[in-house]
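Please read the report below alongside the sequence and the model. It goes through some loops, helices and strands in turn.

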Amino acid sequence: RNFYYITMLRDPVSRYLSEWKHVQRGATWKTSLHMCDGRSPTPDELPTCYEGDDWSGVSLQEFMDCSYNLANNRQVRMLADLSLVGCYNLTFMNETERNVILLQSAKNNLKNMAFFGLTEFQRKTQYLFERTFNLKFISPFTQFNVTRASNVDIGEDVRQRIEELNFLDVQLYDYAKDLFLQRFQYSKQEEHQLNRLKRREERRLLREQRAHQWPREEAAEVAVTEDYNSQVARW
């Protein structure tokens with residue numbers, strides 16, 4: 001079968017805050033196997049951040065303080081090929097080398113996907129999706145600027161802390177945003193060019209149609225004149 005892989009990326013700080021609010025309400029990923037190279041990580045490789053059934057009621061500070069929190073750099077981790085860095089085994093290579101490989105892998109996979117969009121650019125995402133897959137949505141996408149994440153009031157120091165925890169996601173998002181806007185601009189230029197060619201072809205066909213009509217109009221005029229002259233002769 002032919003599969004088309006697509007994804008949506010989001011501003012890392014907004015995405016992190018949104019996941020925190022989601023977990024705070026009792027959401028878990030207990031059913032996720034985190035399979036990599038044919039196996040799930042061991043408890044030592046992937047410790048949990050909480051005891052009990054869930055992490056409901058967790059404060060933002062507690063959420064940030066857990067070094068094993070999979071919310072950190074989630075977008076890079078979910079787009080990258082983890083087998084390149086030994087999956088969840090952090091002793092497989094040093095952290096700096098691991099981060100470089102993960103980020104590059106995520107960039108490569110994102111670039112080679114059939115399509116990706118950005119949550120912060122809903123209309124542009126819709127336009128590129130429709131252009132990519134040659135379809136039209138029934139209604140336009142809506143840009144919601146007020147979300148659970150946007151309702152969280154954080155100071156500059158907390159924002160910086162979240163960016164530090166998600167420094168790979170920040171770099172990936174900057175790359176994705178630049179690539180996304182390049183693709184949008186290219187598609188717009190291509191559309192304008194196709195529209196110009198279409199209008200040019202329509203004008204050419206119109207000129208040809210008019211050229212074919214003129215001889216018929218002249219012939220009809222001659223016929224009318226001859227008929228009138230014959231009537232005058234008879235009179």
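Leaving aside neighbours within four places in sequence, Val85 is in contact with Phe92, Met93, Arg98, Ile101 and Leu102, where contact means heavy atoms within 4.5 Å. This is a predicted model, in which local features need pLDDT of at least 70, side-chain atom pairs count only at pLDDT 80 or more, and totals for chains, interfaces and linings use all residues. Residues are numbered from 1 along each chain as its sequence is written, and side-chain values use heavy atoms, with hydrogens and water left out.

Val85 sits in the loop between helix 3 (74-79) and helix 4 (95-112). Helices here are DSSP runs of H or I with at least four residues, strands are DSSP runs of E with at least two, and both are numbered from the N terminus. Val85 counts as buried because its relative accessibility is 0%; buried means under 20% relative accessible area, exposed means over 50%, and partly exposed lies in between (1.4 Å probe, protein chains only). The C-alpha atoms of Val85 and His22 are separated by 29 Å, with the two residues 63 apart along the chain.

Cys87 belongs to the loop between helix 3 and helix 4. Its relative accessible area is 6%, so Cys87 is buried.

## Positive phi values

Most residues other than glycine have a negative phi.

| Residue | Phi | Note |
|---|---|---|
| His34 | about 55 degrees | not a glycine |
| Cys87 | near 60 degrees | other than glycine |
| Asn134 | about 55 degrees | just after helix 5 |
| Gly26 | near 110 degrees | follows helix 1 |

His34 is found in the loop between helix 1 and helix 2 (60-65). With a relative accessible area of 22%, His34 is partly exposed.

How far apart are the end C-alpha atoms of helix 1? They are 18 Å apart, which agrees with the 18 Å that its 13 residues should span at 1.5 Å a residue; the expected span is 1.5 Å times one less than the number of residues. The buried residues of helix 1 (residues 12-24) are Pro12, Val13, Arg15, Tyr16, Leu17, Glu19, Trp20 and Val23.

The axes of helix 1 and helix 6 come within 10 Å and cross at roughly 95 degrees. Axes are lines fitted to C-alpha atoms, for helices over the stretch in contact, and angles run from 0 to 180 degrees between N-to-C directions. The two helices are therefore roughly perpendicular to each other, a label for angles of 65 to 115 degrees, while those under 35 count as roughly parallel, those over 145 as roughly antiparallel and the rest as oblique. Helix 1 contributes Val13, Tyr16 and Leu17 to the contact, and helix 6 contributes Arg159, Ile162, Glu163 and Leu165. By class, this contact has 5 nonpolar, no polar and 2 charged residues. Ala, Val, Leu, Ile, Met, Phe, Trp, Tyr, Cys and Pro count as nonpolar, Asp, Glu, Lys and Arg as charged, and the others, Gly among them, as polar.

Arg159 is part of helix 6 (residues 156-165). It is partly exposed, because its relative accessible area is 32%. Not counting residues up to four places away in sequence, Arg159 touches Val13 and Ile154. Between the C-alpha atoms of Arg159 and Glu191, 32 residues apart along the chain, the separation is 39 Å.

Helix 5 (residues 122-133) has 12 residues and reaches 16 Å from its first C-alpha to its last, close to the 16 Å expected at 1.5 Å a residue. Its buried residues are Gln122, Thr125, Gln126, Tyr127, Leu128, Phe129 and Glu130.

Ser187, in helix 7 (residues 167-234), touches Tyr127, Leu128 and Arg131, not counting residues up to four places away in sequence. Ser187 counts as buried because its relative accessibility is 11%.

## The paired strands

Strand 1 (residues 6-9) and strand 2 pair in the parallel sense over 4 bridges; two strands pair if DSSP finds at least two bridges between them. Thr7 stands opposite Phe116 in strand 2, and Met8 stands opposite Gly117.

In a regular strand the side chains alternate between the two faces of the sheet. Strand 1 has a covered face, Thr7 and Leu9, and an uncovered one, Ile6 and Met8. In strand 2 (residues 115-118), Phe115 and Gly117 point one way and Phe116 and Leu118 the other way, and all are buried.
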